[in-house]
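Please look over the following chain with its overall form and a handful of individual residues in mind.

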Amino acid sequence: LVHIQSNNTSDTKYAITGNTISLSFTASETLLVLPVATILGHSAAVINTSGLNYYATYVVAGDSDQLATFTIDFTDVAGNAGVQVTATDDGSTVTVDNTAPVGYSAVIDQGQITAANQTAVSFTFGGAEIGTVYNYFIDDTDPVTPVVTGTGSVTSASENVSGINVSSLQDGTLTLTATLTDKAENTGSNA
């Protein structure tokens with residue numbers, strides 16, 4: 001069995017700089033020495049966890065966005081080199097993704113927020129990356145008033161977020177700030 005994953009807290013199928021990509025694998029027979037593994041072309045630290053079970057790790061550092069490739073080379077106790085392993089057998093993959101969502105905007109739909117519509121405010125994204133998570137903050141100019149916040153999943157490039165209650169905010173200018181975070185935990189700039 002060969003399995004690859006990362007320690008990314010959002011999704012173990014993605015990795016960003018600083019995440020650890022790990023390979024766990026089981027040999028079919030006793031090996032002469034520790035296997036040699038690479039992940040993304042870099043030497044991986046390999047340990048024997050027990051019996052025929054092994055674990056290899058690499059910390060992502062400066063790697064470009066790509067599907068994480070790996071190799072495992074090994075030799076059995078008779079000195080025979082095994083066939084290099086370059087694929088998982090459980091379908092697991094890890095994609096290095098250090099690129100934050102870009103090119104999106106967020107605009108409040110109401111031209112004016114009044115007492116009549118302040119409990120049903122909405123905004124619309126333009127160019128949102130499908131599959132990301134949005135976070136929004138709507139604030140007034142009073143530093144004491146709590147900010148209205150929310151989060152959700154983007155299912156459309158023109159995602160509409162509605163039913164926002166801003167009645168707790170002071171009259172005057174309201175500011176919408178919205179960000180998108182992808183599955184790899186990259187957060188885009190404020191929109």
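Where is Thr30 found? Thr30 sits in the loop between E3 and E4, where helices (H or I, at least four residues) and strands (E, at least two) are DSSP runs numbered from the N terminus. This is a predicted model, in which local features need pLDDT of at least 70 and side-chain atom pairs count only at pLDDT 80 or more, while totals for chains, interfaces and linings use all residues. Residues are numbered from 1 along each chain as its sequence is written, and side-chain values use heavy atoms, with hydrogens and water left out.

Thr30 is partly exposed because its relative accessible area is 48%; buried means under 20% relative accessible area, exposed over 50%, and partly exposed in between (1.4 Å probe, protein chains only). Leaving aside neighbours within four places in sequence, Thr30 is in contact (heavy atoms within 4.5 Å) with Leu52, Asp76 and Val77. Leu32 is found in the loop between strand E3 (20-26) and strand E4 (36-39). Together with Val33 and Val77, Leu32 forms a nonpolar patch on the surface, with about 280 Å² of accessible area for the three together. Accessible areas come from the Shrake-Rupley method with a 1.4 Å probe, and for residues only the protein chains shown count as cover.

**The chain as a whole**

The secondary structure of the chain comes to zero helices and 16 strands. The radius of gyration is 24 Å, whereas a compact globule of 191 residues would have a value near 16 Å; this radius is taken over C-alpha atoms, and the globule rule is 2.2 Å times the number of residues to the power 0.38. The C-alpha trace spans about 80 × 30 × 25 Å along its principal axes. Of the 191 residues, 36% are buried, and the accessible surface comes to about 9,900 Å², of which 52% belongs to carbon and sulfur atoms. Among contacts with a separation of 6 or more, 63% are between residues 24 or more positions apart.

**Separations in sequence and in space**

| Pair | Apart in sequence | C-alpha to C-alpha |
|---|---|---|
| Thr30 and Ser50 | 20 residues | 11 Å |
| Ser22 and Ala44 | 22 residues | 8.8 Å |
| Thr93 and Thr69 | 24 residues | 8.8 Å |
| Asp11 and Thr57 | 46 residues | 17 Å |

**Residues of the table**

Ser22 is found in strand E3 and is buried, as its relative accessible area is 7%. Not counting residues up to four places away in sequence, Ser22 touches His3, Ile4, Gln5, Tyr55, Ala56 and Thr57. The side chains of Ser22 and Tyr55 are joined by a polar contact of 3.4 Å, a term for a pair of N or O atoms within 3.5 Å; within protein, one must be able to donate a hydrogen and the other to accept it, and residues adjacent in sequence count only if both atoms are side-chain atoms.

Asp11, in the loop between strand E1 (2-6) and strand E2 (14-15), counts as buried at 17% relative accessibility. A polar atom of the Asp11 side chain lies 3.0 Å from the backbone nitrogen of Lys13. Thr93 lies in the loop between strand E9 (70-73) and strand E10 (95-96) and is partly exposed, with a relative accessible area of 35%.

Thr181 lies in strand E16 (residues 175-181) and is buried at 17% relative accessibility. A polar contact of 2.9 Å joins its side chain to that of Thr187.

Most residues other than glycine have a negative phi. Leu40, which is not a glycine, has a positive phi of about 55°; Leu40 is found in the loop between E4 and strand E5 (42-43) and is buried, with a relative accessible area of 10%. Glu185, in the segment after E16, likewise has a positive phi, near 85°, and counts as partly exposed at 26% relative accessibility.

Notes: Patch = residues over 30% accessible without salt bridge, like charges linked within 9 Å, V, L, I, M, F, W, Y side chains within 5 Å. Salt bridge = Lys/Arg side-chain N within 4 Å of Asp/Glu carboxyl O.
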